[in-house]
Amino acid sequence: MGERTSGPADGAAPGPGGFPEDWADGTRCVHAGLPEPAPGQPFLPGPVFAAPYHLDPWQGPAASPNGYGRPDNPTRRLLEAAIGELEGGDCRVFASGQAAITGLLLAVLRPGDTVLLPADGYFPVRSFATQTLAGTGVDVRFVPTAGPYPALDGVRLVLVETPANPGLDVCDIAALAERAHAAGALLAVDNTTATPLGQRPLDLGADLVVASGTKALTGHSDLLLGYVASRSAHLLETVTAWRTTTGAVPGAFDAWLAHRSLATLDLRLARQSANAEAVARLLVGRPDVTGVRWPGLPDDPAHPVASVQMRRLPGIVSFDLGDADRVARFVEASRLVAAATSFGGLHTTADRRAQWGDDTAPGFVRLSCGVEDTADLVADLTAALDAVRPA
Ligand SMILES: *Cc1c(COP(=O)(O)O)cnc(C)c1O
């Protein structure tokens, strides 16, 4: 499928994702998935809104990839090329992260198969596994992200989330890929928190990447998106067939917005990560905040693996303020922190996860650092924490 990979026009050796090897993240993001320059054409073509397309009366759908909007759409194809280039594989996008992850699980697993899922991972995935997946005859087992991992013999699929949302533990993808493959299992990595700039699971040996593009990848808090990426044509075919028959595809406008947002991913992550580092250092220095987690802190349990495996650190910091009341007063006292779920957006947000039925402590906060100026954010958080300091 030649139109899925864009290469350099001058013949420089393309990298694993179709880019020249020497392009760094910012350049890769700006150019990801764009068509070859053509006079009179935009940099990123606008969204193509179509359910059916004109067909060739004689050849029918064989004449063009565009026949009907559920199997394919040109705006979606460009976005898939872009994400595929960044992940270093081939990509299929879905209407949401949940659609991608549940789709992958249902497409790959059969009755009698065993799947390992993160015990501390995204809560709706765990609910889906116990409420729906287990009912199809799949043996669902949960393992903490940080391990220890059991023997993998007889396991069909291991899905890890690293860093895990919301606890931010990590696992060693390369080591787990080796163990999984020795046991004949597949390894899938949820790359939502890291994004493909934070780590490249396919380079580390994973068979599949799944992710929500709703969060930092697109980063403007204005759309839902998910994707699956892989280097295996067979796995991609299975996933594509699943998506075509179940129909959880993103609309053309959301796909276009997502692609437009990718160009600034490098810039957004750099500021978010810098803000998270400053916030984490502020929080660990305060006796009125407990349980601070950020994989970049030298004392964090995730630091040894994260500092080797990750290319950059996430903009999320988690901590505990003791109870729901103090969290609410903290957010109200802040001028910059919005109470909201999701993460990875331009605005700094705080989510008390327990309010969604998540199995976290009542005062547990997932703080998603936005792209505000670092000094302003630190000053605002300091003032808000001072305002709710326990007597
Ligand atoms: C948000 C999230 C999902 C689900 O994505 P949606 O786009 O909300 O459906 C899955 N995994 C992780 C780690 C997430 O943070």
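This briefing walks through the ligand, the pocket around it and a cavity in the structure above. The model is predicted, so local features need pLDDT of at least 70 and side-chain atom pairs count only at pLDDT 80 or more, while totals for chains, interfaces and linings use all residues. Residues are numbered from 1 along each chain as its sequence is written, and side-chain values use heavy atoms, with hydrogens and water left out.

**The ligand and its neighbours**

- The ligand has 14 residues around it, and Gln 98, Asp 190, Ser 212, Thr 214 and Lys 215 come nearest; a residue is near when one of its heavy atoms lies within 4 Å.
- This shell holds four nonpolar, seven polar and three charged residues. Here Ala, Val, Leu, Ile, Met, Phe, Trp, Tyr, Cys and Pro count as nonpolar, Asp, Glu, Lys and Arg as charged, and the others, Gly among them, as polar.
- Helix 3 (residues 97-108) gives the largest share of the shell, three residues. Helices (H or I, at least four residues) and strands (E, at least two) are DSSP runs, numbered from the N terminus.

**Distances to the ligand**

- A ligand oxygen is 2.6 Å from an N or O atom in the side chain of Thr 214.
- For the side chain of Ser 212, an N or O atom is 2.8 Å from an oxygen of the ligand.
- Gly 97 takes part through its backbone, where a polar atom is 2.9 Å from a ligand oxygen.
- The protein buries 94% of the 380 Å² that the ligand exposes when taken alone, with areas from the Shrake-Rupley method and a 1.4 Å probe.

**The pocket**

- The ligand sits in the second largest pocket, meaning that more than half of its atoms lie within 2 Å of the pocket's grid points.
- On a 1 Å grid over the protein atoms alone, a pocket is an open set of points with protein on both sides within 12 Å along at least five of seven lines, a cavity is a set where a 1.4 Å probe fits but cannot get out, and lining residues have an atom within 4 Å of a point.
- About 320 Å³ of space lies in the second largest pocket.
- Its lining has 21 residues, with Gln 98, Tyr 122, Pro 124, Ser 212 and Lys 215 nearest the centre.
- Helix 3 gives the most to this lining, with three residues.

- The largest cavity has a volume of about 60 Å³.
- Thr 193, Ala 216, Gln 272, Pro 314 and Gly 315 are closest to its centre among the 13 lining residues.
- That lining has seven nonpolar, six polar and no charged residues.

Terms used: Polar contact = N/O pair within 3.5 Å; in protein donor to acceptor, adjacent residues only side chain to side chain. Points joined across faces, edges and corners; volume = space filled by probe spheres on them.
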